[in-house]
Every structure is written in C-alpha cells, then in structure tokens.
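I opened this model to look up its salt bridges and its pockets. My notes follow in the order I worked.

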Amino acid sequence: MIGKLNHIAIAVPNIKEAAAQYKNVFGATVSEAVEQPDHGVTTVFIDLGNTKIELLEVLGDDSPIQKFIDKNPKGGMHHICLEVQNIDEAIKQLDTHEVAITGTGKPKIGAHNKPVVFLHPKDCNGTLIELEEV
Ligand code: CO
C-alpha cells in the first residue's frame, strides 16, 4: 500500500531562521515561505533530491501545530508523509486493521493540493503519519 517517502515535516518556532540554516549552513535548495491559512501553517520545502523536508511554522490562532510547539519550543520532528496510489483503498485497509485516522477520518485536501489523511500516532508506533495520494 505505501510507496515513497514524500517528506519529513519539522515544526519550528521561526521558519525564516530555520530556512536560512538549511540554505546557508547546510547548503540546501530551499523554497520561499508560503502561508497556508486553510491549514494554519506557513511552509517551506527543502528539496533533497530523493525526498523533501517540510518546515512548518504556526500561522494564526488555531494552528494544528500550536500544541506541538508548546511542548517542543525549539521545534521537532512532527510527521512523516508516505505516498499512496489510492487513498480511499488505503483508508479501507487501515480500517480493517483498526488503525485510527485523525479528525473526520475522511481525506482532506492537503498543503500540496492532494488528498491526505493523518494516521493516529497511538496506532503507529508513536509516529504521526500523513498519507498523500499521488
Ligand atoms: Co506534511
């Protein structure tokens, strides 16, 4: 069911500083910061060739990453994103194995304009997993 690693997301307290470190210290290819008001985050993508790092910063008053940043004020690894060919099939399969999906349990259009769901860390070895249909 799962395919490639699409990205690893790191929540950061200051996305400009984090992006500057990846660019100037690590010498990486870094995108512009994009505000995503529908998702409550600002994002920067770092292209690593084989995969990406997604930097996330809180945007607005009810950001889904606010609690995480409160607990991890210096930032931290927030989720991994794995690709699937068919998200509805994936959800069915997960359902039969009692892997919980967060929120409504239905796919939402994610930050990259593709259907995504998040699997609950309690059922995934303590890791928040985003599935993205590609
Ligand atoms: Co993501």
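**Salt bridges**

I searched the predicted model for salt bridges and found two.

I took K92 and E89 to begin with. Their closest N and O atoms are 3.6 Å apart. I placed both residues in helix α3 (residues 87-96), three residues apart, about one turn of the helix. I then looked up accessibility. K92 has a relative accessible area of 54%, so I logged K92 as exposed. E89 comes out at 45%, which is partly exposed.

I went on to K122, which forms a salt bridge with D123. Here the closest N and O atoms are 3.3 Å apart. K122 is exposed, with a relative accessible area of 60%. D123 counts as partly exposed at 28%.

**Largest pocket**

I noted a volume of about 840 Å³ for the largest pocket. I listed 37 lining residues, and P64, H78, T102, F118 and L128 are the closest to the centre. I checked which elements give two or more residues to this lining: β4 (41-47), β5 (52-58), β6 (76-84), β7 (108-109) and β8 (115-119). By class I recorded 16 nonpolar, 14 polar and seven charged residues.

**Second largest pocket**

I noted about 270 Å³ for the second largest pocket. Of its 14 lining residues, K16, A19, S31, E32 and A33 are the closest to the centre. Which elements supply at least two residues of this lining? I found α1 (15-25), β3 (34-36) and β4. The largest share, five residues, comes from α1. I sorted the lining by class into seven nonpolar, two polar and five charged residues.

Notes:
Residues are numbered from 1 along each chain as its sequence is written. This is a predicted model: local features need pLDDT of at least 70, side-chain atom pairs count only at pLDDT 80 or more; totals for chains, interfaces and linings use all residues. Side-chain values use heavy atoms; hydrogens and water are left out. On a 1 Å grid over the protein atoms alone, a cavity is a set of points where a 1.4 Å probe fits but cannot get out, and a pocket is an open set with protein on both sides within 12 Å along at least five of seven lines; lining residues have an atom within 4 Å of a point. Grid points are joined across faces, edges and corners, and a volume is the space filled by probe spheres set on the points. Helices (H or I, at least four residues) and strands (E, at least two) are DSSP runs, numbered from the N terminus. Ala, Val, Leu, Ile, Met, Phe, Trp, Tyr, Cys and Pro count as nonpolar, Asp, Glu, Lys and Arg as charged, and the others, Gly among them, as polar. A salt bridge is a side-chain nitrogen of Lys or Arg within 4 Å of a carboxyl oxygen of Asp or Glu. Buried means under 20% relative accessible area, exposed over 50%, partly exposed in between (1.4 Å probe, protein chains only).
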